[in-house]
Amino acid sequence: MKKVQLTETVLRDAQQSLIATRMPYADYEGILSEMDKAGYYSIECWGGATFDSCLRYLNEDPWERLRNLRKNLPNTRLQMLLRGQNLLGYKHYHDDVVEKFIELSIKNGIDVIRIFDALNDFRNIKTALEATQKYAKERTIASGCISYTQSPVHTVDKYIEMCKELKTMGFQTICLKDMAGTMSPYEAEHLIKGIKDAIGDMTLILHTHCTTGMAYMTLTKAIESGIDVIDCAASAFSGGTSQPSTETMFYALQQYGIDCGLDEKVINTVNDFFKPLKQKYIDNGQLNPKSMGTDAQALVYKVPGGMLSNMIANLTDMHAMDKFDAALAEIPKVREDLGFPPLVTPLSQMVGNQAVTNVLIGERYKNISKEVKNYIKGEYGIAPGQISPELLVKILGEDGKPVDCREEDSKRTGQEFADAKEALGDLCRCEEDIMSYICYPDQTLKFLKNRKAQEENEAVYTIEAM
Ligand code: CO
């Protein structure tokens with residue numbers, strides 16, 4: 001019997017896409033033991049923006065969250081999304097930092113590490129792959145992930161070549177990451193058939209979003225074309241900028257005669273648990289009805305849902321929402337000037353902000369952000385296409401050559417660890433604290449100070465109670 005398995009994303013991408021990753025662990029702890037019985041291929045529950053959000057907004061230790069997830073989901077593969085050399089941040093880290101982060105992720109409970117680079121420059125995911133292999137446990141899977149986008153330089157042949165390369169590098173599975181939900185059913189069919197022919201029986205995964213309304217059609221074609229795993233979300237947190245619904249896909253797969261290994265009763269119980277939570281987030285304003293609809297504009301602008309809502313928030317803050325349409329139209333132009341990077345973190349933010357700046361100032365590239373300058377210099381890797389010659393001259397000078405990011409990234413100085421130890425002093429208790437600080441210094445410092453103050457308070461209460 002043909003098999004297609006499902007990854008459940010409600011704890012990571014679904015809540016990241018719909019409520020900006022603001023779901024505290026306490027809100028879903030009660031359903032974890034049930035989720036553990038569902039029969040998912042994996043549960044995506046960590047990485048992406050969860051790490052940042054824990055420290056910045058939720059006063060949670062992301063590592064402690066991971067350990068709790070591990071404890072309550074002993075039988076299910078726990079999956080994270082990792083931005084290659086960027087880890088969970090927005091800039092490249094040195095190889096020793098990347099390696100330590102992976103070591104700690106596996107130690108604290110992660111099984112599947114889905115690793116991508118925004119530019120599909122695979123030199124930027126090699127260190128993360130090697131670290132995963134080095135610290136692998138029995139269930140560990142290194143999943144190579146391709147950032148999917150459309151442009152004149154992103155052809156089916158090119159994607160097939162990328163998949164072959166990921167296989168040669170030693171990844172165990174391959175994921176196509178359609179973060180903007182712009183992969184059409186037609187494209188899925190051609191891509192997946194071509195890739196399957198090229199990589200044989202290696203597991204192929206499709207990750208898409210409902211943003212543009214195509215995801216269910218695209219998944220249908222993907223299933224018919226031989227996809228092995230699809231990403232879905234419990235229906236309360238499905239649709240809109242999130243993934244297609246788990247229970248709906250289960251129902252459809254059944255009629256195809258395809259076994260997906262899920263327990264129908266359990267997945268319904270899981271969804272029943274999330275329904276009132278959804279209502280709570282609607283009531284407190286964290287779930288904006290805008291994120292729940294269909295936006296076909298993304299087909300034109302290739303903009304992921306999260307990037308649109310960020311842009312709306314920024315322009316609203318600056319009282320410049322009247323410039324929204326102009327900024328939106330500027331995005332594809334900036335993207336072309338930068339050599340058609342896929343719009344995924346951190347490139348989506350960089351391109352989005354540059355487009356807004358160009359429109360607000362009224363002169364293109366009068367102001368160029370530090371990040372975009374570094375990108376043009378080559379610090380993020382090699383652009384998929386040609387960067388505009390004018391921009392290259394503007395940033396590098398007439399005879400300037402781009403830098404090789406690996407030269408800097410491969411340095412193993414231990415400096416970040418030493419700096420973190422010094423900055424944290426007695427707030428630091430473990431390697432995980434140090435890693436949090438390296439990734440998000442200000443937020444971590446604040447979090448650890450809070451933790452200390454809280455414990456001192458509790459100690460006082462305990463003494464008084466005695
Ligand atoms: Co996604």
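**Close-up views of a predicted model**

**View 1. Ring pairs join Trp46, Phe51, Trp63, Phe101 and Tyr440 into a cluster.** The model shown here and in the following views is predicted. In the structure as a whole there are 12 aromatic pairs. One of them is formed by Phe51 and Phe101, whose ring centres lie 5.8 Å apart with the planes at 55°, so the pair is classed as tilted. Because Phe51 belongs to helix H4 (residues 50-56) and Phe101 to helix H6 (residues 95-108), this pair ties together parts that are 50 residues apart in sequence. Phe51 counts as buried, at 0% relative accessibility, and Phe101 is likewise buried, with a relative accessible area of 0%.

**View 2. The rings of Phe237 and Phe274 form an edge-to-face pair.** Their centres are 5.9 Å apart and their planes stand at 80°, and since planes over 60 degrees apart count as edge-to-face, the pair falls in that class. Distant parts of the chain are linked here, with Phe237 in the loop between strand S8 (229-232) and helix H11 (246-256) and Phe274 in helix H12 (residues 264-283), 37 residues apart. Phe237 is buried with a relative accessible area of 0%, and for Phe274, also buried, the value is 0%.

**View 3. The cobalt ion has Asp13, His207 and His209 as its protein donors.** Asp13 contributes OD, whereas His207 and His209 each contribute NE2, and these donors lie 2.1 Å from the ion. Along the chain the donors follow the spacing D-x193-H-x1-H. Asp13 sits in helix H1 (residues 10-19) and His209 in the loop between strand S7 (203-208) and helix H10 (215-224), so that this pair, 196 residues apart, links distant parts of the chain. Asp13 and His209 are both buried.

**View 4. Eight strands close into a barrel with parallel pairing, in the order S1-S2-S3-S4-S5-S6-S7-S8.** From one strand to the next the twist averages 30°. Helix H10 lies across S7 and S8, and its direction runs at about 170° to S7. Helix H11 packs on the sheet as well, where it touches strand S1 (5-8) and S8, and its direction makes about 175° with that of S1.

**View 5. Strand S3 (residues 78-82) and strand S4 (residues 112-116) run parallel and are joined by 4 bridges.** In this pairing Gln79 stands opposite Val112 of S4, while Leu82 has Ile115 as its bridge partner in S4. Strand S4 is largely enclosed by the rest of the structure, because 5 of its 5 residues are buried.

**View 6. Lys196 is placed in helix H9 (residues 185-199).** With a relative accessible area of 17%, Lys196 counts as buried because the class takes in values under 20%. When neighbours within four places in sequence are left aside, the residues in contact with Lys196 are Asp201, Met202, Leu204, Ser225, Gly226 and Asp228.

**View 7. Met311 is a buried residue of helix H15 (residues 305-317).** The relative accessible area of Met311 is 3%. Not counting residues up to four places away in sequence, Met311 touches Phe324, Ala327, Leu328, Ile331 and Val356. As a reference for its place in the model, the C-alpha atoms of Met311 and Ile43 are separated by 30 Å, and these two residues are 268 residues apart along the chain.

Methods
Residues are numbered from 1 along each chain as its sequence is written. This is a predicted model: local features need pLDDT of at least 70, side-chain atom pairs count only at pLDDT 80 or more; totals for chains, interfaces and linings use all residues. Side-chain values use heavy atoms; hydrogens and water are left out. Rings of Phe, Tyr and Trp (its six-membered ring) pair if their centres lie within 6.5 Å; planes under 30 degrees apart count as stacked, over 60 as edge-to-face and the rest as tilted. Helices (H or I, at least four residues) and strands (E, at least two) are DSSP runs, numbered from the N terminus. Buried means under 20% relative accessible area, exposed over 50%, partly exposed in between (1.4 Å probe, protein chains only). Donors are N, O and S atoms within 2.8 Å of the metal (3.2 Å for Na, K and Ca); water is not among the atoms, so sites may look incomplete. Two strands pair if DSSP finds at least two bridges between them. Axes are lines fitted to C-alpha atoms, for helices over the stretch in contact, and angles run from 0 to 180 degrees between N-to-C directions. Contact means heavy atoms within 4.5 Å.
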